Amino acid sequence: MRLVFIGIPGSGKGTQAAMLSQKWGIPRITTGDILREAVEKNSPFGRRVKPILDTGLLVPDDLILQLMGKRLSEPDCASGYILDGYPRTIGQAEGFNAYLKEKALPLDFVLWIDLEDKEVIRRIVGRRQCRACGTVYHLEFQPPKKEGICDACGGKLIQRSDDGEETIKKRIEVYQMQTEPLERYYRDNGLLHRVDGLGTPKKVFQRICDLFKE
Ligand code: AMP
């Protein structure tokens, strides 16, 4: 199974992608996490992309295509994957298509988590992520058992540097301009399935599982 999640930042696609990855036992590949890890390591690539992430803009397509071409060719991706945050532009979707065609692999499913902007801001402002293992929490909707500490690994919870209100507004604007056209693109390809993103992670996950029962 090769599946792509699309959705506005804060729609819950990361949480849902992680739940589905666990259920199916295939990797979840999150471009945002790969990029943040590079920034954290202060690698030359990380230093190049840091100012882009901090302003909420998108990393250029050629860099992302190169990065993902390499990542998707690793052995853990052989029996499928769940993509979270890629492709994010029409250029990336076309590059990804060309990659799949070259490998003679189909894309099976595109899941669009649909959520309104005003709900998104509320969600992102309360979001916290474990610095060590990446598990995501929410101060209001999914708090950790112990404040500031990850339930899964005991790591420290931090707020992402691009989760401030101004950067969020920019990220939403960027989504509407550059990523929203993918809904149409994948609908025209017959791959798009919409899921209502409102409600608890559990409720949304149930809706997703129901789609695969149909
Ligand atoms: P995310 O965690 O998916 O919201 O991604 C955080 C940031 O990483 C975005 O605001 C972009 O700057 C960058 N990013 C993540 N995925 C991509 C992508 N596919 N193309 C370009 N930039 C990306």
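The model is predicted, so local features need pLDDT of at least 70, side-chain atom pairs count only at pLDDT 80 or more, and totals for chains, interfaces and linings use all residues. Residues are numbered from 1 along each chain as its sequence is written, and side-chain values use heavy atoms, with hydrogens and water left out.

**Exercise 1.** Find how α1 and α9 pack, and which residues make the contact.

*Solution.* Start with the helices: α1 covers residues 13-24 and α9 covers residues 201-213. (Helices are DSSP runs of H or I with at least four residues, strands are runs of E with at least two, and both are numbered from the N terminus.) Next, take the geometry: the angle is about 55°, and the axes lie 10 Å apart. (Axes are lines fitted to C-alpha atoms, for helices over the stretch in contact, and angles run from 0 to 180 degrees between N-to-C directions.) α1 and α9 are therefore oblique to each other. (Under 35 degrees is roughly parallel, over 145 roughly antiparallel, 65 to 115 roughly perpendicular, and the rest oblique.)

Now for the contact, meaning heavy atoms within 4.5 Å. On the α1 side you'll find Thr-15, Gln-16, Met-19, Leu-20, Lys-23 and Trp-24. From α9 come Pro-201, Lys-202, Val-204, Phe-205, Ile-208, Cys-209 and Phe-212. Sorted by class, that's nine nonpolar, two polar and two charged residues. (Ala, Val, Leu, Ile, Met, Phe, Trp, Tyr, Cys and Pro count as nonpolar, Asp, Glu, Lys and Arg as charged, and the others, Gly among them, as polar.)

**Exercise 2.** Work out the angle between α6 and α7, and the classes of their contact residues.

*Solution.* Helix α6 (residues 117-125) meets helix α7 (residues 165-179) at about 140°, with the axes 11 Å apart. That makes α6 oblique to α7. Asp-117, Val-120, Ile-121, Ile-124 and Val-125 of α6 touch Glu-165, Ile-168, Lys-169, Ile-172 and Gln-176 of α7.

**Exercise 3.** Describe the lining of the largest cavity.

*Solution.* First, list the residues: Phe-5, Ile-6, Gly-7, Lys-13, Gly-85, Tyr-86, Pro-87, Arg-88, Tyr-175 and Thr-179. Then assign them to elements: β1 (2-7) and α7 are the ones giving two or more residues. β1 has the largest share, with three residues. Finally, count classes: five nonpolar, three polar and two charged.

Notes
1 Å grid on protein atoms, 1.4 Å probe; cavity = no way out; pocket = protein on both sides within 12 Å on 5 of 7 lines; lining within 4 Å.
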